[in-house]
Amino acid sequence: VLENAKGTNQDPLEVATALKAQTEVQLQQLQTQLELAVGWVKVKEIEKLTAELKLEKMRKDLTSCSEEDRPQQEEEAAQARLSLKAKEVAIARLKEFKLRTELRVVTLREQHKKAELELENIKIVQRTKEMTEEIQDIKAYIAVVKGDNGEKAQLGGLYNPDRDTFFYSDCKVGGLGKWYCEILEEREAWKRYPAQKWFVSQAGCQIYCPVGKVTVDYSDQPDFCLTTSSLTGSDWLEDKAKLASLTRHLQPPTYEIKDRKWVGETPPDETPPGEPSFIWFVKSDGERGGQKEAC
């Protein structure tokens, strides 16, 4: 997978994951075919047994039939023998198909195991690379905060106003912090500092903090941040009701409901003549993006 992904824009992990999923689908299809083949073999064997009993009865009847009925019964017996042979041939073909399918299932299972191993190897390689990068990021942080002898730098570490390296840590809090970190990543003077699991909230959410619970220049986890991304008036962007009132000239007609009552301007009772019917969407003013929307 790694060799196939070289020289392309494909992510080896995505390629390996797709290959594993493909083999799983093929394996399921083959197993279904195998189950059908086993079922058909049983059905044909029952039909063959029935035909054998029928032919045996015809042979006994021939010994006691009259000379007048013998030609017809012999013809029927010959047809029964041909039918029996046809069923034996059908069973032989079904068994051959079953055997080939079993061999394909075994081969595909081996391919699936190889795909699983390759996927795990790629995950290990990528995780090793990520850990190496994290170690380099931590070393870069230590180099700024401490001197070569492990003591605090004489120029004040993070509080040195003349330093030219800064650190940010994305602690997956959500909101605008993620976008701030992506912007800082584009700046040469800013270095990423890894995050670690901190604790699980009462709501069951995993909370993160910078590795070692150190302080960095910017983090969306304010307890470990030298700066803040909270600006006076930012509630006009966070509160969707306020944002709607601020940008009425840029959006479709929007009205606010609070405590089951209209706030401010109310919508028309009917669609104005000559205009298309409205489709109304209801959205919580405390949610971002496309969350909590309903038609």
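Reader: Which residues form a nonpolar patch on the surface?

Author: Happy to start there: L36, W40 and V43 form it, with about 300 Å² of accessible area together. Patch members have over 30% relative accessible area and no salt bridge, and nonpolar side chains (Val, Leu, Ile, Met, Phe, Trp, Tyr) are joined within 5 Å, like charges within 9 Å. A salt bridge here is a side-chain nitrogen of Lys or Arg within 4 Å of a carboxyl oxygen of Asp or Glu. Areas come from the Shrake-Rupley method with a 1.4 Å probe; for residues, only the protein chains shown count as cover.

Please keep in mind that this is a predicted model, where local features need pLDDT of at least 70 and side-chain atom pairs count only at pLDDT 80 or more, while totals for chains, interfaces and linings use all residues. Residues are numbered from 1 along each chain as its sequence is written, and side-chain values use heavy atoms, leaving out hydrogens and water.

Reader: Why is L36 called exposed?

Author: Exposed means over 50% relative accessible area, buried under 20%, and partly exposed in between (1.4 Å probe, protein chains only). L36 has 52%, so it counts as exposed. L36 is found in helix 2, residues 12-64; helices (H or I, at least four residues) and strands (E, at least two) are DSSP runs, numbered from the N terminus.

Reader: What makes C181 and C209 buried?

Author: C181 has a relative accessible area of 3%, so it is buried. C209, at 0%, counts as buried too. Buried residues make up 22% of the 295 residues in the chain.

Reader: How do you know that strand 3 and strand 4 pair?

Author: Two strands pair if DSSP finds at least two bridges between them. Five bridges join strand 3 (residues 195-200) to strand 4 (residues 206-210), and the two run antiparallel. One of the bridges links A195 with P210 in strand 4. The two strands form a hairpin with five residues between them, and G204 in the turn has a positive phi of about 90°.

Reader: What makes strand 2 and strand 5 edge strands?

Author: They belong to an open sheet of three strands with the order 2-1-5 and parallel pairing. Strand 2 (190-192) and strand 5 (218-219) each pair on one side only.
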